[in-house]
Amino acid sequence: MMNLPKGPDSLCFNKEEFMKDDFDVDRFVADCRKHVQLEQMREDLEQYYRLLKTAMVELINKDYADFVNLSTNLVGMDKALNQLSLPLGQLREEVLSLRSAVSEVIQAIDTQLSKQDDIQKKKICVLRLIQVVRSVEKIEKILHSQNTKDTTSLETSSPLLAGQILERIATEFNQLQFHAVQSKGMPLLDKVRPRIAGITAMLQQSLEGLLIQGLQTSNVDIVRHCLRTYATIDKTRDAEALVGQVLVKPYMDQVITEQFVKSSPNGLQLMYAKLLEFVPHHCRLLREVTGGTISSDKSDIVPGYDFLVNSVWPEIIKGVEGRMSFLFNPGNPDTFYERYCISMDFVRKFERQCGSQASVKRLRAHASYQSFHNKWNLPVYFQLRYKEIAGYLDNAITDGLEAAPAGSRYRLQVTEVLWSCVCRCWAEHIYLPPLAHRFWKLTLQLLSRYSAFLTEVLTKTPPPENTKDPVRPLPSSASSTSSRTSQDADSESGGPTALSTKQLVFIAADVDQLQEQIPEISVMIKDKLEGIGFKNFALVSDALDDSKTALSGCIPKLNNRMTQNLTDRSFRFLKNASEVPRLYRRTNKEVPTSASAYMDNALRPLHQLVSDSTGVVKVSIIHKWLRVTLSDCTHRYFETISDVLSSVKKMEESLKRLKQARKTATTSTAGVNTGPSDDTKIRLQLALDVEYLGEQIQKMGLQPSDISMFSSLLDLVQEARDLATAEQAGS
């Protein structure tokens, strides 16, 4: 391959690109444009072109003689080529002829090899058939199947010798089976097959009798020989089935009975205890031979057997499912729970009797193991528990916001029932590990149902109905308290479906308490889920946080309901400030020295709230309710006071104009007014009312500055007080 001259390092392309077989101009230009402009690329190409031109001139100058003599050396070349064409053609014909001859020879050899291979296969098949016949004759000779009267027959041999003979027969029988399978379809095999079937029946019958004899006499050597023989002929499952029928089934028929279980209160536990005793008492020999015990000698172990899984367990389950079907009846959930726990404890103890983890895995994969677990109708049990637990909460919800019994950590009965239901989901005599997901879902449903109930109560329950009677006039004495009780009592009750302030306080207390106890639910659930291998506890925490958020969603509605209730009940009396002028206009009453009676009535619901909620809910919550309520009441009270003062001022101006008009018409014959005017008394009374309100705000634990509009209200009445003082001084 020609080497191109090396160019400067500043070139925008690689010179090797020109020598590629798939060189494409368009692609080359497109690649270069990604790095430099077209002008730069053109300059680089021209520079490299000049370099190539110089290199070509140098090459020609170097081999100039060869270039000049090139045409001279080719003179007469065509004649030489013509002379070579004839001998080359003859050589081609000879090669083709030789190739044809070799192909014929190869074909003949392939044919012979194919015939030889076919003969070899037939020979192997004949040898297998011969081996089958020899094996049949050899086994028949050992068994003396053609001469049953021989004194050395198998039946008269010693058990140990019989086991050794059967082991020899099994080895030969195994070879017989192998060759018979390989010779499948041969006519001779069909003729020999009845003899093979007879040998099989005889061998199996002898093995069964000898194995039973070995188990009955506890002869380890006989049992070992028999099991090894079964394994040799690949009949381990037949041996396990035989042990199940002969050794296990009679014991199970005797122990697994309904009368045995019902004979005593703990009859089921006694029955399972006797079933667990079967393995160490009756299967010790089999476990020792098959390696199911620690003391088994490794060299004498017969592998491939698992009598606990394939012999004992199926017979136990067959007896329990067939004769103890009443155990699986979920009609009484308490009884069902007890039976299920006792049965699962038996399963765990039986698994511990298995010799290895592999044996436990085989047990759990066994069809009867799955059948036994499926017999327990856990979904029906859960439905009964669901109706019981959810029905308990629904009944409490139907009863409404009844108070919880004394000593409860909650204030409402429905919250106490909710907590009881959540705890019951995970209680010892309720919760079952296979139903963990269902009880977890029920827990979330209970919390959701409670949140929905509170939302419905706070949203749909009508507020206490305010008395629609006309506003009662203020009593004749500003300090009288004769009318302070009846109206407040009416507004607090409000009817059978209305929410009282105390109920709202109880709801707030229970929601706060329940939110603090949700971590206890998380701990309680995690303890149970760890028992079933569940690890994703973040999922549990997130779900409980969602439930906690749902509970928190009720709080704004509750706060709004509480403040609205308090505001309505308080302002019913605060608006009586508009009646103050009527008390002093033309009544010749004394100058006021204390707050009006309506102020105590207006503040009574707030003081009652503080009394009812102290020690029940947090102080911060109480102050929040008071602050919002007082701010709303103060705003509306400001408007009322402002209207009253405006009305007083207008009345005062009107009276002044009237007096001025009368002065021109009459002489001053009337008595001189030596005391404060009615307007002064009205202003002083309103100022006393507002100042009293500020004092009561401080007694509730708040500062007047915390109440919006209160400073404006105070400024308003202060102006009125100053005006009244000025008028009083002027008079």
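**Contacts, cysteines and rings**

Guide: Happy to! Among contacts in the protein (heavy atoms within 4.5 Å) between residues at least 6 apart in sequence, 78% join residues at least 24 apart. This is a predicted model, where local features need pLDDT of at least 70 and side-chain atom pairs count only at pLDDT 80 or more, while totals for chains, interfaces and linings use all residues. Residues are numbered from 1 along each chain as its sequence is written, and side-chain values use heavy atoms, with hydrogens and water left out.

Visitor: Good to know. How many helices and strands are there in the protein?

Guide: The protein has 27 helices and zero strands. Both are DSSP runs numbered from the N terminus: H or I with at least four residues for helices, E with at least two for strands.

Visitor: And what percentage of the residues count as buried?

Guide: That would be 39% of the 731 residues. Buried means under 20% relative accessible area, exposed over 50%, and partly exposed in between, using a 1.4 Å probe and protein chains only. The accessible surface comes to about 41800 Å², and 53% of that belongs to carbon and sulfur atoms. Those areas come from the Shrake-Rupley method with a 1.4 Å probe; for residues, only the protein chains shown count as cover.

Visitor: Switching to cysteines. How many disulfides does the structure hold?

Guide: Zero, taking a disulfide as a pair of cysteine sulfur atoms within 2.5 Å.

Visitor: Okay, what about Cys32: buried or exposed?

Guide: Cys32 counts as buried because its relative accessible area is 4%. Its place is in helix α1, residues 25-33.

Visitor: Which residues does Cys32 touch?

Guide: Leaving out residues up to four places away in sequence, Cys32 touches Cys12, Phe13 and Met41. Asn14 is 18 residues from Cys32 in sequence, and their C-alpha atoms are 9.8 Å apart.

Visitor: Why does Cys283 count as buried? And Cys554?

Guide: Cys283 counts as buried because its relative accessibility is 1%. For Cys554 the value is 2%, so Cys554 counts as buried too.

Visitor: Last topic, rings. How many aromatic pairs are there?

Guide: The count comes to 27 aromatic pairs. Rings of Phe, Tyr and Trp (its six-membered ring) pair if their centres lie within 6.5 Å; planes under 30 degrees apart are stacked, over 60 edge-to-face and the rest tilted. One of the pairs is Phe328 with Trp376, edge-to-face at 4.7 Å centre to centre and 70 degrees between the planes. Phe328 sits in the loop between α12 (307-323) and α13 (333-353), and Trp376 in the loop between α15 (367-375) and α16 (378-399), so the pair ties together parts 48 residues apart in sequence.
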